[in-house]
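Hi,

Here is the structure I said I would pass on.

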Amino acid sequence: MKEFFTNGGITVTGGEPMAQMEFVTELFTKAKTKNIHTALDTSGAYFDRNNLKQIDKLLAVTNLVLLDIKHIDGVEHKKLTG
């Protein structure tokens, strides 16, 4: 995998990558063994307090989280994002 990179890393985005959390965790785990920087671009929609072990496992192999908070209601969106 590393031979395809001269600089940078990989970013997993969507759809929603946390819908495939086990796959992304495995991908990032393998990337980390090759010293490849990992980034997760998520809306956070799949965050579930009942699944913290799996989330912690994913975050342990994630260098950067790009959290894109959205809300369908314009007023509520502005409250969330400023």
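Helices (H or I, at least four residues) and strands (E, at least two) are DSSP runs, numbered from the N terminus.

Bear in mind that this is a predicted model: local features need pLDDT of at least 70, side-chain atom pairs count only at pLDDT 80 or more, and totals for chains, interfaces and linings use all residues. Residues are numbered from 1 along each chain as its sequence is written, and side-chain values use heavy atoms, with hydrogens and water left out.

Three strands make an open sheet in the order 1-2-3, with parallel pairing. Strand 1 and strand 3 (64-67) are at the edges, each pairing on one side only. Strand 1 and strand 2 run parallel and are joined by four bridges; Val12, for instance, has Leu40 in strand 2 as its bridge partner.

Then helix 1, which covers residues 21-33. Its buried residues (under 20% relative accessible area, 1.4 Å probe, protein chains only) are Met21, Val24, Thr25, Phe28 and Ala31. Seen down the helix axis they fall within an arc of 130 degrees (taken from the directions from the axis to the C-beta atoms), so they line one face of helix 1. Glu22, Phe23 and Thr33 on the other side are exposed, i.e. over 50%, with partly exposed in between. The cover over the buried residues includes strand 1 (9-12), strand 2 (37-42) and helix 2 (52-60), where contact means heavy atoms within 4.5 Å.

Cheers

Methods: The expected span of a helix is 1.5 Å times one less than its number of residues. Two strands pair if DSSP finds at least two bridges between them.
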